Amino acid sequence: MLKKPTTVFVYLLGAYVLIQFLWWGYHLIDLTRLAHHADNSIAKRIVMIIGEGSVFLVLLLFGLWKIKRSIKKEIQMARQQNNFMLSVTHELKTPLAATKLYLQTIQKHKLNEEKQNELIQKALDESNRLENLVEQILTASRLEQQAMPRLITSVSLKEFLGNLISIQEKRFHITLHMHEFENIILETDPLILTYILNNLIENAYKYGYTDRGVDIIVAKDDLYVSIQIRDYGKGIAPDLQNLLFKKFNRLENEETRTTKGTGLGLFIARESARTLGGNLRLLKIDGPGACFEIQMPYDK
């Protein structure tokens, strides 16, 4: 990451080069005027100097703009990576500390069988959480290298969403809207599609859940079937929407955050949708909340 003094130095150097260019250009024109007496010759030389100088000036300004853009991009990426490291560190330490505490409690105290089994189950749950975190990082790496394995099968969308909702409804209320699209068949990888939808539902629960619950809305056109996940919470600020699908990004400050996560979820979800021939995007909606849409090709 470029430090602030380095950034300031680059900008000052660029300004110095630009000022020197204008200064020497002025002197060159002035010397040309003194060296020649024919008005026509002087005019031609001045026009030539100004023309060539203008081209060089444009190239110089373009170069400075590219340098500035590159510096800004590097700073942003460094911040995102730092955010990710803070997030992963927190996510790793929490289950490790909890598992250690449960095992130490079992080791140091004589517990009845019921309490001991309860602590063992909690330790297993934390281990599974740790395993899921590692798998998420590996999945992001596979997607970047385009090495994500797929197992494509025919899936009934109605049956698929019914099974998904029956599991998630144990935690919160979900309403499915797909009355006239009951016979849609997808050629997809059900595990990858399950991950994508579970990720969107989890985000709706963590960031936008209200008494109205979460809506799953199915629509279609000639090419794609659309599955929308809609919540009715606070929504997403416009200045943050462009960052949603970028790797390492989280909407909360890592020092004060209140929800779990690594900033990889939506990045993995969108890249996974693309591996299935679809796409994932945030829709503009009227009213409160946020609405994510995954578009998937289907058999007509």
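**Surface, core and charge pairs**

Analyst: The model is predicted: local features need pLDDT of at least 70, side-chain atom pairs count only at pLDDT 80 or more, and totals for chains, interfaces and linings use all residues. Residues are numbered from 1 along each chain as its sequence is written, and side-chain values use heavy atoms, with hydrogens and water left out.

User: Where is Tyr26 found?

Analyst: Tyr26 is in helix 1, residues 4-35. Helices (H or I, at least four residues) and strands (E, at least two) are DSSP runs, numbered from the N terminus.

User: How many helices and strands does the protein have?

Analyst: Seven helices and seven strands. From the N terminus, the order is α-α-α-β-α-β-β-α-β-β-α-α-β-β.

User: Tell me about Lys66. Which helix?

Analyst: Lys66 sits in helix 2, residues 39-108. Its relative accessibility is 40%, so Lys66 counts as partly exposed. Buried means under 20% relative accessible area, exposed means over 50%, and partly exposed is in between (1.4 Å probe, protein chains only).

User: What share of the protein is buried?

Analyst: Buried residues make up 35% of the 300 residues.

User: And the largest nonpolar core: which residues have the most contacts inside it?

Analyst: Leu197, Phe292 and Ile294 do, in a core of 37 residues. Helix 4 (157-168), helix 5 (190-208), strand 4 (214-220), strand 5 (224-230), helix 7 (265-275) and strand 7 (291-297) each supply at least two of its residues. Helix 5 gives the largest share, seven residues. A nonpolar core here is a set of buried Ala, Val, Leu, Ile, Met, Phe, Trp, Tyr and Cys residues joined through side-chain atoms within 4.5 Å.

User: New topic. How many salt bridges are there?

Analyst: Five. The rule asks for a side-chain nitrogen of Lys or Arg within 4 Å of a carboxyl oxygen of Asp or Glu.

User: Why would such side chains pair at all?

Analyst: Side chains of opposite charge can pair when their charged atoms come close.

User: Which parts does the Glu293 and Arg281 pair tie together?

Analyst: The two side chains meet in a salt bridge at 2.6 Å, N to O. Glu293 lies in strand 7 and Arg281 in strand 6 (residues 279-283), so the pair links parts twelve residues apart in sequence. Glu293 is buried at 5% relative accessibility. Arg281 is partly exposed at 37%.

User: Which residues are joined into one network?

Analyst: Lys115, Glu118 and Lys122, through salt bridges that share partners. In the Lys122 to Glu118 bridge, the closest N and O atoms are 3.5 Å apart. These two are four residues apart in helix 3 (residues 113-144), so about one helical turn separates them. Lys122 is partly exposed at 32%, and Glu118 is partly exposed at 35%.

User: What about Glu271 and Arg270: buried or exposed?

Analyst: Both are buried. Their side chains form a salt bridge at 3.9 Å, N to O.

User: Last one. How is Ala123 placed?

Analyst: Ala123 is in helix 3 and is buried, at 7% relative accessibility. Its C-alpha atom is 6.2 Å from that of Tyr102, 21 residues away along the chain. Val134 also lies in helix 3, but Val134 is partly exposed at 42%.
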